[in-house]
Amino acid sequence: MWTMGGPRLLSMRPGLRPALILLAWGLFLALTLGPAVGLFAEAAGRLLAGAPEAWTALVPSARRAALLGRSLALSAGVALFAGLVGGLAALALLRRAARGRLSGAMRSVILAVLVLWVITPPYLHALAGMEAGNWLRGLGSAASPMPDLPGWLAALFAQGFALMPIAMIAAAIGFISVERDLVDSATLLRPGRGVFFRVVLPLAAPAILAGTGAVFVFSLLDYSTPSLFGVSSYAMEIVAEYSSSRAPWRAALIALPLIAIAALVIGAGLAALANGTPAHARALGRAFRFYRPLDTLRPPAMAALWLAAAYAGMILALLLASALLWRILPQLVWEVRQDLARTLLTAGLAGALALAPAALVAGSLAAPPRKPILRAAMWLGVLIPLAIPPSLTGVGYATFLACCAPDGVRTAGWVPALAQAARFLPLAVLLIYVQMRRVDPLLIDAARVLRPPGPARWWRIDLPLSAPGLIAAFGLVFCASIGELEVTMMTAAPGQGLLSMRVFNYLHYGVSETVAALGLVLAVIVWSVAAFGLWFARQRG
């Protein structure tokens, strides 16, 4: 079923394969879009019936329009900051790699740091921003205290640093994808900075813009980090409306502008990647040896790299400093043992629930239909769920929990796990798809010749080839679910809270030592899972 340009990685009976793919796509769309579609269907019925409250929710008031404008400005600032600093830092790293100053071990360390950075729970980034603010205030004197950063600026930096690895990795992929022959030809005609600005940067722009757009979307749909700095966001309006009116369809209508804007950004990024240079991986030594355009912007690139390194060091120092609180750690862990166990169980269940549909949908993407419009529709089907605000997904699943879920499901924690799996399912699909594209088709052809399809071939050939992607996808959903807040707050049953909810409340009350200690516990768990995934991927080549 899984393919790499034609050969199948997993085999099954011909009549069974299309049925399984259709079932997987149906399950994928039902999990990711089903709750929101149900809410919009009810809202459409009320609009058609001419309900005044429905039209009031659909047409933004002056306050909501101003709030949407401020949210867009904040997200644009986050994307610009993360894209600029992340792109320059990626340029500095590639420049060092081009000159042989990064060994293979150091490259692996940098990749591991970026992966661990991006999966760190977001409230730890917010805590780092708060601690940095406290440190800056301590530099002033009683007569002339240091002024506090405005809340919107603190939220911008916290979100920008948290999402920066996405922009950094996208920029690195864009620069690596530029053909060396094009650079050599341009160097003969226009040496110097003109090669970078007129050849390299335009060719790398699709990947850079896609990464920056992803940062914009993730920032726009998140309300947890801005709220910690006292900043209201439009995404928070969805939760406030549902909490005040208890009408989930009103929350869906209020979320419509966010969904439209996020969908437009995702579509633009997908179109840019489709029309741009293919972002295929290459050996850095061959791609960038004597690559003089990388000397361009050397001072700001090195400054951006040192800024990113300093922030990563601050996060690490914050967590290591919390280890000095060893006297409260055992008691604190014992107090939250039930929430911690429930968090780990829910995250593991979410990873397991996402695995099968993600694998089958990724397999259909690896063997796309020949018609371009069908391929585009499949990619939109995978990426559009990322435009749904997590708070609206939580409202949809909370509505299902209230009306349709049996009592056993409500108390067993299945709905939070299902909602978390739905939120991160598109990312799991993308991760498995990337791993499938890296499988050598000669291995698949040899397997088809030497061993016929059946359980033995699936166990001894197909599953080992697929294992890195499956383990990476499970680890991604598991780690992301541990720090997930928006969906969790809406779907957790009374008395069944998870650790992210407790940490979020502690941050609002200013209990930084407790948050740092709990953050250390969660960071060790998340980083251990991610480190095992990276080690396994390296062992598998």
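Trainee: Which residue's side chain meets Arg423 in a salt bridge?
Mentor: The partner is Glu486, with 3.4 Å from N to O. Please keep in mind that this is a predicted model.

Trainee: Is Glu486 buried or exposed?
Mentor: Glu486 is buried, because its relative accessible area is 4%, and the cut-off for buried is under 20%. Arg423 has 27% and is partly exposed.

Trainee: Why would such side chains pair at all?
Mentor: Side chains of opposite charge can pair when their charged atoms come close.

Trainee: How many salt bridges does the structure hold?
Mentor: It holds seven. One of the pairs is Arg502 with Asp339, whose closest N and O atoms are 2.9 Å apart. This pair also links distant parts of the chain: Arg502 belongs to helix 24 (residues 499–509), Asp339 belongs to helix 16 (residues 337–366), and 163 residues separate them.

Trainee: And how covered are those two, buried or partly exposed?
Mentor: Asp339 counts as buried at 12% relative accessibility, whereas Arg502 counts as partly exposed at 26%.

Trainee: Which residues are linked with Asp339 in a network of salt bridges?
Mentor: Arg342 and Arg502 are linked with Asp339 in that network.

Trainee: What about Glu241; which side chain does it meet?
Mentor: Glu241 meets Arg250 in a salt bridge, at 2.6 Å from N to O. Glu241 is buried, with a relative accessible area of 13%. Arg250 is buried as well, at 16%.

Trainee: Let me change topic to Arg246. Where does it lie?
Mentor: Arg246 lies in the loop between helix 11 (234–245) and helix 12. Its relative accessible area is 54%, so Arg246 is exposed. The phi angle of Arg246 is near 55 degrees, which is a positive value in a residue other than glycine.

Trainee: Which ring does its charged end sit over?
Mentor: The charged end of Arg246 sits over the ring of Tyr242, 4.5 Å from the ring centre.

Trainee: Speaking of rings, how many aromatic pairs are there?
Mentor: The count comes to seven aromatic pairs. Among them, Phe474 and Phe478 form a stacked pair, with 6.2 Å from centre to centre and 20 degrees between the planes. The planes count as stacked because the cut-off is under 30 degrees.

Trainee: How many residues apart are Phe474 and Phe478?
Mentor: They are four residues apart in helix 22 (residues 455–483), so about one helical turn separates them. Phe474 is partly exposed, with a relative accessible area of 29%, while Phe478 counts as buried at 10%.

Trainee: Which rings are linked into a cluster?
Mentor: Ring pairs link Phe81, Trp117, Phe157, Phe161 and Tyr311 into a cluster.

Trainee: What should its length be, and what is it in the model?
Mentor: At 1.5 Å a residue, helix 18 (residues 390–403) should span 20 Å. The end C-alpha atoms of helix 18 are 20 Å apart, which agrees.

Trainee: I also noticed Pro389. How far is it from Ala255 in space?
Mentor: Their C-alpha atoms are 7.4 Å apart, although 134 residues separate them in sequence. Ala255 is in helix 12 (residues 248–275), and Ala255 counts as buried at 0% relative accessibility.

Trainee: Finally, the surface. Which residues form a nonpolar patch there?
Mentor: Met106, Val109 and Val113 form a nonpolar patch on the surface, with about 230 Å² of accessible area together. Val109 is in helix 5 (residues 104–119). At 44% relative accessibility, Val109 counts as partly exposed.

Conventions:
Residues numbered from 1 in each chain as written. Predicted model: local features only at pLDDT ≥ 70, side-chain atom pairs only at ≥ 80, totals over all residues. Heavy atoms only, no water. Patch = residues over 30% accessible without salt bridge, like charges linked within 9 Å, V, L, I, M, F, W, Y side chains within 5 Å. Areas by Shrake-Rupley, 256 points an atom, 1.4 Å probe, with all protein chains shown as cover. Salt bridge = Lys/Arg side-chain N within 4 Å of Asp/Glu carboxyl O. Helix = DSSP H or I, 4+ residues; strand = E, 2+ residues; numbered from the N terminus. Buried < 20%, exposed > 50% of the residue type's maximum accessible area, 1.4 Å probe, protein only. Phe/Tyr/Trp six-rings, centres within 6.5 Å; stacked < 30°, edge-to-face > 60°. Lys NZ or Arg CZ within 6 Å of the ring centre and 35° of its normal. Expected span 1.5 Å × (residues − 1).
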